[in-house]
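This report is meant for a reader who meets the structure for the first time.

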Amino acid sequence: MKVILLISYLIGGIISPIQLNNVMPIAELATVDTTEQSAIMVTKPSQEIITLNMVNGISLYDDVSTVIEILGAPEQISSDPYFVEYEMYEYSNMTISFIDDTIDSVEVWTDASSITLDQVEIPATIESLQLALGDPDYVAEDGLVYQRDEAVLKLFIDQDSKQLQSIAYYHIAST
């Protein structure tokens, strides 16, 4: 299905080569004069470019050895006290949960200054992530949910303070 869609885009001339040297970082986009904004809107990351294939270099289809190869050894490995089949690999700004060598979720903490979605670095703020991802697919009472095929990215937002609590990346089957 994806191959057919890609071929139809190519035949239709919709896809053009992306020139990364012309892409403006999301943080700079907010400071741009509105007279320049129409040209920048074409090159800014958007839901068409960000397909949620990877978060911080990790895919939902990576296994433990691949994660260690990409990120190095975790700072700590722990088990969930309620679900013993879960094993959590803790890194400086995120935790990756595994079930039987398969990634269940990637959780990025709010002390991270940025998050990388499909090789696009974005400040880890609600505003920057909304700008990059567009309108959420769902609005839950505890946050905003973005779905791209089987991948889900959820921004957990504190209801009282309206501050970002964490960012979770998981497979839709995990819900």
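In this predicted model, the side chains of R148 and D137 are joined by a polar contact of 3.2 Å. The side chain of R148 also has a polar atom that lies 3.3 Å from the backbone oxygen of I50, so R148 takes part in this second pairing within the 3.5 Å limit for a polar contact. R148 belongs to strand 8, which covers residues 143-148, and with a relative accessibility of 11% R148 counts as buried, because buried means under 20% relative accessible area.

Two further residues deserve attention for their backbone angles. Most residues other than glycine have a negative phi. D101, although not a glycine, has a positive phi of about 70°, and Q119, also not a glycine, has a positive phi of about 70°. The table below sets out where each of them is found and how accessible it is.

| Residue | Phi | Loop | Relative accessibility |
|---|---|---|---|
| D101 | about 70° | between strand 3 (94-99) and strand 4 (102-109) | 39% |
| Q119 | about 70° | between strand 5 (114-117) and strand 6 (120-123) | 69% |

Is Q119 buried or exposed? With a relative accessible area of 69%, Q119 is exposed, because exposed means over 50%. D101, at 39% relative accessibility, counts as partly exposed, since this class takes in the values between 20% and 50%.

Conventions. Residues numbered from 1 in each chain as written. Predicted model: local features only at pLDDT ≥ 70, side-chain atom pairs only at ≥ 80, totals over all residues. Heavy atoms only, no water. Helix = DSSP H or I, 4+ residues; strand = E, 2+ residues; numbered from the N terminus. Buried < 20%, exposed > 50% of the residue type's maximum accessible area, 1.4 Å probe, protein only. Polar contact = N/O pair within 3.5 Å; in protein donor to acceptor, adjacent residues only side chain to side chain.
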